[in-house]
Amino acid sequence: ISCEIWKLNYLLAVKAALIQLHVRHNCILAEAAKEPVSTLQKGLETIAPLVRSVEETPEPIPTTVQGTIPSWINGNLLRNGPGKFEFGNTHYNHWFDGMAMLHRFRIESGQVTYMSRFLQSDAYKKNRDRDRIVMSEFGTLAMPDPCKNFFQRFLSRFEMIEPTDNASVSFVKYKGDYYVSTETNFMHRVNPESLETVEKVDWSKFIAVNGTTAHPHYDPDGTSFNMGNSYGSKGALYNIIRVPPEKTDGKDTLQGAKILCSIVPANKSHPSYYHSFAMSENYVVFIEQPIKMDLLKIVTCKLRGKALSEGIYWDPKQDTVFHLVDKHTGKVSSVKYHTKAISTFHQINAFEEDGFLMLDMCCADDGQAINNYLIQNLRKSGDALDKVYNTLSRPYPRRFVLPLQVTNETPTGQNLNTRSSTIARRSALCQQVFCQHEDLHGDDLHQYGGLEFPQINYARVNARPYRYFYGCGFRHLVGDSLLKMDLKDKTLKVWYQKGFYPSEPVFVPSPGAEEEDDGVILSVVLTPSQDKATFLLVLDARTFEELGRASVPVNMAYGFHGTFSASA
C-alpha cells in the first residue's frame with residue numbers, strides 16, 4: 001500500500017511539473033510572438049557636448065521668451081543631474097558618476113529666470129579641494145592617495161568603499177521638505193529657492209537600510225513610501241519603508257520612518273538591482289528583476305581594483321518576479337507573479353480594478369543598458385556611436401494584469417484574466433502565477449525608439465485608473481522627442497525637432513482643471529550642435545502643441561529627473 005501511495009504521489013508530482021512547464025512554455029511562446037522589431041539607426045548626431053562639464057550659474061539670470069508662457073504657471077521647475085565629469089587629470093567613467101548639479105527655472109507671470117548650483121556634497125568638496133577624484137562612484141574607483149607610501153596605498157585596498165553622497169538623480173519630498181537623492185543611504189536637504197545645500201541626512205540613522213531609491217511614492221495625505229536594501233551576515237533583504245507625513249518639530253527629517261516589511265531575495269548573495277517600484281491604493285509592488293548584484297564582487301571591488309558597477313550583471317535565465325505587499329499591514333503576498341526576463345527602471349502607474357492589479361511600466365527585454373552608459377560611449381561619433389545605440393534593447397510601455405484572488409481552488413493552466421489582452425496562468429504550484437504583458441502602444445512607437453522617463457498627472461491619477469502618460473522617445477542614447485500616449489486607443493502625440501534633445505517631461509495641471517490632461521508639459525531642451533542654446537519648452541498637454549519657450553544663454557549637461565514646485 002505504501003508503495004502504491006508513493007507511486008501516486010510521484011505521478012502527481014510529475015503531472016504538476018508538466019503543467020507548470022506547459023504554462024511557462026505557452027507564456028514564453030506568446031511573449032516571443034509579440035517581440036518588438038527594433039529600428040536600427042545610422043548617422044546619429046554626436047551628443048558629446050551633453051556629457052561635458054559645465055559651469056554653475058549661482059545667481060538668477062533672465063531668459064528670452066518666445067511665444068507665450070501661460071501666466072497661471074507660478075513656481076519652480078527643479079532639475080537634477082550630473083554636471084562635472086573630471087577633477088584635475090582624473091575623470092569619471094560612467095554617466096551616473098558626474099557631480100550633482102541642481103537647476104531651478106523660476107516661472108512667474110509669463111517670465112522665466114534660471115540658476116544652477118553644484119550640490120555641496122562631501123564627495124564634491126573633497127574632490128574639489130584635492131583637485132582629483134577621491135570618492136568612488138558607481139562606475140569609477142578612486143585611486144589611492146599618491147602622497148601615501150607604497151605600504152599605505154596597499155593597505156587602503158582592503159578598506160570598504162565609502163558610500164557616496166553625490167545625490168545626482170532626483171528631487172524628492174519628505175514631510176514638506178525638498179531633498180536631492182541618489183541610491184545610497186545619503187540624501188541632502190536643499191533650499192528649493194536658492195538651491196543651497198542645507199543638511200546631509202543619513203537613512204541608516206533612522207532605519208536599518210544601506211540605501212534607498214530616488215523614486216519614493218506618496219499617498220494623498222503625504223505619507224511617503226520607499227524601498228531600500230540592507231546587508232547583513234545572512235545576506236541581503238529588500239525593505240519597504242514608510243515615512244509619516246508630518247514633522248514633530250522644525251529639525252525633523254526622517255524621524256518616524258519605519259520598515260513596513262522585508263522581502264528575502266531569491267538569492268541572498270545575488271540580490272536584484274532596482275531603481276524604483278510601483279504603488280497602488282493598497283499595495284506596494286516590488287519588481288525583482290534579473291539585473292543582479294554580486295555582493296562578493298561589490299564588497300571586494302576595491303581590493304580587486306574594479307568599480308562597483310563591475311559587480312552588476314544581467315542574467316536572462318532568471319524570471320522577473322512581482323512581489324505584492326499590503327501597505328496597511330505589511331503582509332507580503334504568498335502568491336508570486338512571474339514573467340520572462342525583463343528589465344525596468346521606471347514604472348508608469350499601478351491601480352486596482354475588479355479584483356486585478358494593473359501594473360504599467362517601461363520594460364526592455366535586455367538588462368545590460370546600465371553598463372553601456374559609459375561616458376566614452378556617450379561621447380562617441382559616427383559608426384562607433386551607431387553601434388553602441390544599436391546594441392541596446394529599446395524600452396516599451398507594457399501592462400501586466402495581476403489577479404489578486406488566487407487560492408488553492410484557482411484553476412491551473414487557464415487564463416485568469418478575462419478583461420484584457422493579457423495572460424495570467426496559475427501554475428501547479430499555488431504560489432506562482434505566470435504573466436504575459438499587454439503592449440501599451442501601437443506599432444508607431446517603434447519609429448521613436450520606445451519610451452522612457454514616463455510621467456503622469458501624479459496628484460490626480462497615481463494609483464487610480466488613468467488615460468494618459470508622457471515620456472521621452474529614444475532614437476538616441478538620450479531622449480530626442482517628447483511623447484504623449486492615449487491609452488483609450490493607444491495613439492501618440494509627438495513633439496520632435498531634429499537636433500534637439502528634451503529632458504523628462506513634467507506635467508503641471510492648470511488651475512481648476514477638469515480633464516486629466518488639462519495643463520502643460522515642461523521639458524528642458526538641449527542642443528549639442530549649438531553653443532548656449534538651451535531652452536525651457538512649454539507644451540499644451542492636451543494638444544501637445546508648443547505654447548512657448550524660454551531660451552537660456554548657458555550650456556547644460558543632460559540630466560535625469562526633476563519636479564515642479566508650485567508657489568503658494
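Which strand pairs with strand β2 (residues 64-67) in the antiparallel sense, and over how many bridges?

## Strand pairing

The partner is strand β36 (residues 546-552), joined to β2 by four antiparallel bridges; two strands pair if DSSP finds at least two bridges between them. Helices (H or I, at least four residues) and strands (E, at least two) are DSSP runs, numbered from the N terminus. Within β36, G548 is the bridge partner of G67.

Strand β35 (residues 534-540) also pairs with β36 in the antiparallel sense, over six bridges, and A550 of β36 is the bridge partner of L536. A hairpin is formed by β35 and β36, with five residues between them. In its turn, F544 has a positive phi of about 65 degrees.

## Model and confidence

This is a predicted model, in which local features need pLDDT of at least 70 and side-chain atom pairs count only at pLDDT 80 or more, while totals for chains, interfaces and linings use all residues. Residues are numbered from 1 along each chain as its sequence is written, and side-chain values use heavy atoms, with hydrogens and water left out.

The mean pLDDT (the predictor's confidence in each residue, from 0 to 100) of the protein is 90, and 89% of its residues reach 70 or more. Over residues 27-36 the pLDDT is below 50, and this stretch has 18 contacts in the model beyond near neighbours in sequence; contact means heavy atoms within 4.5 Å. The pLDDT is also under 50 over residues 149-158, for which the model has eleven contacts beyond four places in sequence.

## Salt bridges

The whole structure contains 21 salt bridges, defined by a side-chain nitrogen of Lys or Arg within 4 Å of a carboxyl oxygen of Asp or Glu. One of them joins K42 and D383, with the closest N and O atoms 3.8 Å apart. K42 lies in the loop between α1 (2-33) and β1 (61-62) and D383 in helix α7 (residues 382-390), 341 residues apart. Both K42 and D383 are exposed (buried means under 20% relative accessible area, exposed over 50%, partly exposed in between; 1.4 Å probe, protein chains only).

D165 and K200 form a salt bridge with an N to O distance of 3.7 Å. D165 is buried at a relative accessible area of 1%, whereas K200 is partly exposed at 34%. Salt bridges that share partners join D122, D165 and K200 into one network. The charged end of K200 also sits over the ring of F186, 4.1 Å from its centre; the criterion is NZ of Lys or CZ of Arg within 6 Å of the ring centre and within 35 degrees of the ring normal.

## Aromatic pairs

The count of aromatic pairs comes to 22. Rings of Phe, Tyr and Trp (its six-membered ring) pair if their centres lie within 6.5 Å; planes under 30 degrees apart count as stacked, over 60 as edge-to-face and the rest as tilted. F96 and F138 form a tilted pair, at 5.7 Å centre to centre and 40 degrees between the planes. F96 is partly exposed, with a relative accessible area of 27%, and F138 is buried, with 16%. Ring pairs link W95, F96, F138, Y373, Y558 and F560 into a cluster.

Y274 and F286 form an edge-to-face pair, 5.1 Å centre to centre with 75 degrees between the planes. Y274 lies in the loop between β15 (258-263) and β16 (278-279) and F286 in strand β17 (residues 283-288), so the pair ties together parts twelve residues apart in sequence.
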